[in-house]
Amino acid sequence: MDEQPGVSDQYRTSSPWPVIVVLGFVCSELGLLFNVFPVAVGGLLLLVAAVAGIVQESGYADRPWNLLVGLGGVLVLLGGVLTVTQLAAVTPDALVTIVREPNGIVARGVAVVVAGLVALVAGAGGRYVESEPY
């Protein structure tokens, strides 16, 4: 009689990425909803890093860095559009006015832009540092 029926070494173990994706999604949404800058940025970074990790683990990409750069670029683009659409005009005076009297939507757009920039830098740094395939 076998002590662990149905368990074999040939089966893959479960992946931790889905839980991390959900955690990143929840943190980013709560941070953006309640306008908590560090939670929004951290949640978005966790979300895009987990998506890049899932794609790499499933075999669709050799390394996660290119996708991380791409997702960071998407975040910068979306956050920039969200921020610019809330400005009356894209002039230095309008930017100074927004800095002095912040709009909630602009703050959320800036959080998305910052998360995208950090993801871009992390992805570019990862590509630069990792020279040997693992």
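Predicted model: local features only at pLDDT ≥ 70, side-chain atom pairs only at ≥ 80, totals over all residues.

Q: What share of the 134 residues is buried?
A: Buried residues account for 25% of the 134. The protein exposes about 9,000 Å², of which carbon and sulfur atoms supply 68%.

Q: How many of the contacts between residues at least 6 apart in sequence join residues at least 24 apart?
A: Of these contacts, 66% join residues at least 24 apart.

Q: Which residues form the largest nonpolar core?
A: The general idea comes first. In soluble globular proteins, nonpolar side chains tend to be buried together. In this model the largest nonpolar core has 12 residues, among them Leu32, Val41, Leu44, Val48, Leu68, Leu75 and Val112. Alanines in the core include Ala40, Ala52, Ala111, Ala115 and Ala119.

Q: What does valine 48 touch, not counting residues up to four places away in sequence?
A: Valine 48 touches Leu68, Leu71, Leu75 and Ala119. Of these, Leu68, Leu75 and Ala119 are listed in the core along with Val48 itself.

Q: Which residues make the nonpolar surface patch?
A: Val22, Phe25, Val26, Leu30, Leu33, Phe34, Val36 and Val39 make a patch of about 720 Å². Helix 1 (residues 17-33) gives the most to the patch, with 5 residues.

Q: Why does leucine 30 count as partly exposed?
A: Leucine 30 is found in helix 1. Its relative accessibility is 43%, so leucine 30 counts as partly exposed; that class lies between the 20% and 50% cut-offs.

Q: What is the phi of asparagine 35?
A: Asparagine 35 has a positive phi of about 60°, although it is not a glycine. Asparagine 35 sits in the loop between helix 1 and helix 2. With a relative accessible area of 35%, asparagine 35 is partly exposed.

Q: How many salt bridges are there, and which side chains meet?
A: The general idea is that side chains of opposite charge can pair when their charged atoms come close. Here the count comes to 1 salt bridge. The side chains of glutamate 130 and arginine 63 meet in it, at 3.3 Å from N to O.

Q: Where in the chain do the two partners lie?
A: The pair links distant parts of the chain, 67 residues apart. Glutamate 130 is in the segment after helix 5 (104-129), while arginine 63 is in the loop between helix 2 and helix 3.

Q: What else does glutamate 130 touch besides Arg63, not counting residues up to four places away in sequence?
A: Glutamate 130 also touches Trp65. Its side chain and that of arginine 63 are joined by a polar contact of 3.3 Å as well.

Methods: Residues numbered from 1 in each chain as written. Heavy atoms only, no water. Helix = DSSP H or I, 4+ residues; strand = E, 2+ residues; numbered from the N terminus. Polar contact = N/O pair within 3.5 Å; in protein donor to acceptor, adjacent residues only side chain to side chain. Contact = heavy atoms within 4.5 Å. Core = buried A, V, L, I, M, F, W, Y, C linked by side-chain atoms within 4.5 Å. Buried < 20%, exposed > 50% of the residue type's maximum accessible area, 1.4 Å probe, protein only. Patch = residues over 30% accessible without salt bridge, like charges linked within 9 Å, V, L, I, M, F, W, Y side chains within 5 Å. Areas by Shrake-Rupley, 256 points an atom, 1.4 Å probe, with all protein chains shown as cover. Salt bridge = Lys/Arg side-chain N within 4 Å of Asp/Glu carboxyl O.
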